[in-house]
Amino acid sequence: MPPLMFAGLVVFLLLGFPVAFSLCAVGLGFGLFFIELGFFTPAYLGNLPPRVFGILSNDLLLAIPFFTLMGAILERCGLAEELLESTAQLFGKIPGGLAFAVVLVGALLGAVTGTVAASVLAMGVIALPIMLRYGYDQRLATGVVAASGTITQLIPPSLVLIVLSDQLGRSVGDMYAGAIGPALLQILLFLAFVAGVAIVAPHRVPALPPEALMARGWPLYLRVLRGMVPPLLLLFLVLGTILLGLATPTEAGAMGTAGAVALAILNGRFSWKLLREAMGNAMRITAMVIYILIGATVFSLVFQGVDGSHWVEGLLANLPGGQIGFLLFVNAFVFVLGFFLDFFEIAFIVVPLLAPVATKLDIDLVWFGVLLCINLQSSFMTPPFGFALFYIRSIAPKFVATQAIYRGAIPWICLQLLLVAIVMIWPEAVTFLIQGGTGVDPATVTIDVPPPAPPSDDDAMPIFR
């Protein structure tokens with residue numbers, strides 16, 4: 001019966017039904033069917049209301065609207081324009097300098113916004129016309145803008161990491177700490193690729209002409225610092241307080257939203273219209289996440305009622321190669337799913353089925369979650385549903401061919417998959433910042449308590465007559 005449920009879900013998704021409603025329809029439909037067949041009683045579905053209430057009362061998921069609202073405000077407050085312009089001036093005199101600036105600013109912007117849409121659209125609107133104007137290759141220009149936005153998925157405070165920590169039962173702080181190393185490696189890989197192109201084919205990434213450059217000196221350096229210091233302070237306010245244990249993710253998200261409003265006011269961009277639009281965007285994304293999670297809960301409850309989790313565990317735990325075979329299969333499977341499903345859908349449908357198998361195979365779930373997060377980056381750049389490519393298409397000039405946008409994404413997808421391989425081979429890239437315990441196994445601890453000494457005559461209590 002579990003394979004039949006999965007097949008039914010695939011049919012609904014291929015027909016184009018919304019994922020949340022497909023999950024609910026398949027779960028409830030098969031639930032009634034299984035009751036008739038006697039697999040479980042109607043009372044079993046009574047577990048559904050407490051599960052839904054548990055979702056709506058989950059404090060961790062409250063961080064999603066806060067981080068989404070923070071990103072929506074920063075997207076509109078003019079933070080990216082000055083930062084990208086000054087950084088482009090800093091690197092513009094060398095071949096590939098604009099691409100270097102896009103990668104670095106995209107990473108910094110992703111660290112304070114947490115959303116791919118905000119990063120890709122901001123980079124695309126500001127940087128893409130300039131790159132094309134000064135002779136950049138169309139494929140490389142569109143590819144670097146899309147890739148710089150997808151780094152957002154891996155750089156804390158990423159929404160993907162929050163969702164994965166909830167589904168895997170691990171703390172957000174550990175997940176964020178584990179993602180810092182791979183995020184830095186991803187940035188270095190992107191920069192190395194741009195540098196390689198600049199060396200091998202400098203005509204594809206030309207330097208800015210002298211008339212487009214500002215004079216070097218402290219005015220330029222101060223301008224760069226003025227653009228970088230506010231987002232770095234906001235990054236500490238959000239990520240630093242979580243890693244230092246000073247705030248929960250929800251509290252950090254609330255402080256980050258307040259900081260984003262303050263930056264918008266300082267930049268002279270704050271308005272009630274901006275706040276209203278940002279809140280509407282945050283409400284839409286939050287509602288989507290909650291509906292998908294409720295649908296996944298309905299599907300999961302019925303799926304477990306027919307021992308679907310045991311079926312998945314038996315299927316994956318016995319793959320040849322043990323841990324390596326499981327990880328290779330899972331990453332290939334998630335990569336293919338990314339062609340058709342959004343990362344929220346993969347996280348809520350697939351990850352809860354994989355976590356018990358990973359635990360049985362003695363795989364660290366924080367490392368496993370970060371590995372999946374790296375893989376899920378590619379879902380934003382793989383056709384036919386690569387949202388980063390859609391964003392680029394919506395803002396790119398008409399003379400930029402859609403084929404060039406899709407072909408330009410290929411090298412960056414390969415770099416993301418290369419990072420998956422690096423983290424699989426070198427787990428310490430994730431675990432070196434995670435605080436391990438004391439190194440003592442509690443099961444081996446013994447406490448020897450000496451027997452009490454016999455009382456002496458001096459210790460006898462006096463007798464009062």
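The dialogue below takes up a helix, its charged neighbours, a surface patch and the cysteines.

Student: What kind of model is this?

Tutor: The model is predicted.

Student: How many residues does helix α8 have, and how far does it reach?

Tutor: Helix α8 covers residues 138–150, which is 13 residues. From its first C-alpha to its last it reaches 19 Å, close to the 18 Å expected at 1.5 Å a residue.

Student: How many residues of α8 are buried?

Tutor: An α-helix has 3.6 residues a turn, so residues three or four places apart point the same way. In this case eleven of the 13 residues of α8 are buried, so the helix is largely enclosed by the rest of the structure. Among the buried residues are Leu140, Val144, Val145 and Thr150.

Student: Which residue makes a side-chain contact at the start of α8?

Tutor: That residue is Asp137. One of its side-chain oxygens comes to within 3.0 Å of the backbone nitrogen of Arg139.

Student: How many salt bridges are counted, and which residues do they link?

Tutor: Side chains of opposite charge can pair when their charged atoms come close. Here the count is two salt bridges, and a network of them links Asp137, Arg139 and Arg204. Arg139 meets Asp137 at 3.9 Å, N to O. Arg204 also forms a salt bridge with Asp137, with the closest N and O atoms 3.2 Å apart. The latter pair links distant parts of the chain, 67 residues apart: Arg204 lies in the loop between α10 and α11, and Asp137 in the loop between α7 and α8.

Student: Which residues make the nonpolar surface patch?

Tutor: The patch is made by Trp218, Tyr221, Leu222, Leu225, Val229 and Leu233, and its area is about 640 Å².

Student: How many disulfides does the structure hold, and is Cys373 buried or exposed?

Tutor: A disulfide requires two cysteine sulfur atoms within 2.5 Å, and the structure holds zero disulfides. Cys373 is buried, at 0% relative accessible area, whereas Cys414 is partly exposed, at 46%.

Note on methods
Residues are numbered from 1 along each chain as its sequence is written. This is a predicted model: local features need pLDDT of at least 70, side-chain atom pairs count only at pLDDT 80 or more; totals for chains, interfaces and linings use all residues. Side-chain values use heavy atoms; hydrogens and water are left out. Buried means under 20% relative accessible area, exposed over 50%, partly exposed in between (1.4 Å probe, protein chains only). Helices (H or I, at least four residues) and strands (E, at least two) are DSSP runs, numbered from the N terminus. The expected span of a helix is 1.5 Å times one less than its number of residues. A polar contact is a pair of N or O atoms within 3.5 Å; within protein, one must be able to donate a hydrogen and the other to accept it, and residues adjacent in sequence count only if both atoms are side-chain atoms. A salt bridge is a side-chain nitrogen of Lys or Arg within 4 Å of a carboxyl oxygen of Asp or Glu. Patches are made of residues with over 30% relative accessible area and no salt bridge: like charges are joined within 9 Å, nonpolar side chains (Val, Leu, Ile, Met, Phe, Trp, Tyr) within 5 Å. Accessible areas come from the Shrake-Rupley method with a 1.4 Å probe; for residues, only the protein chains shown count as cover.
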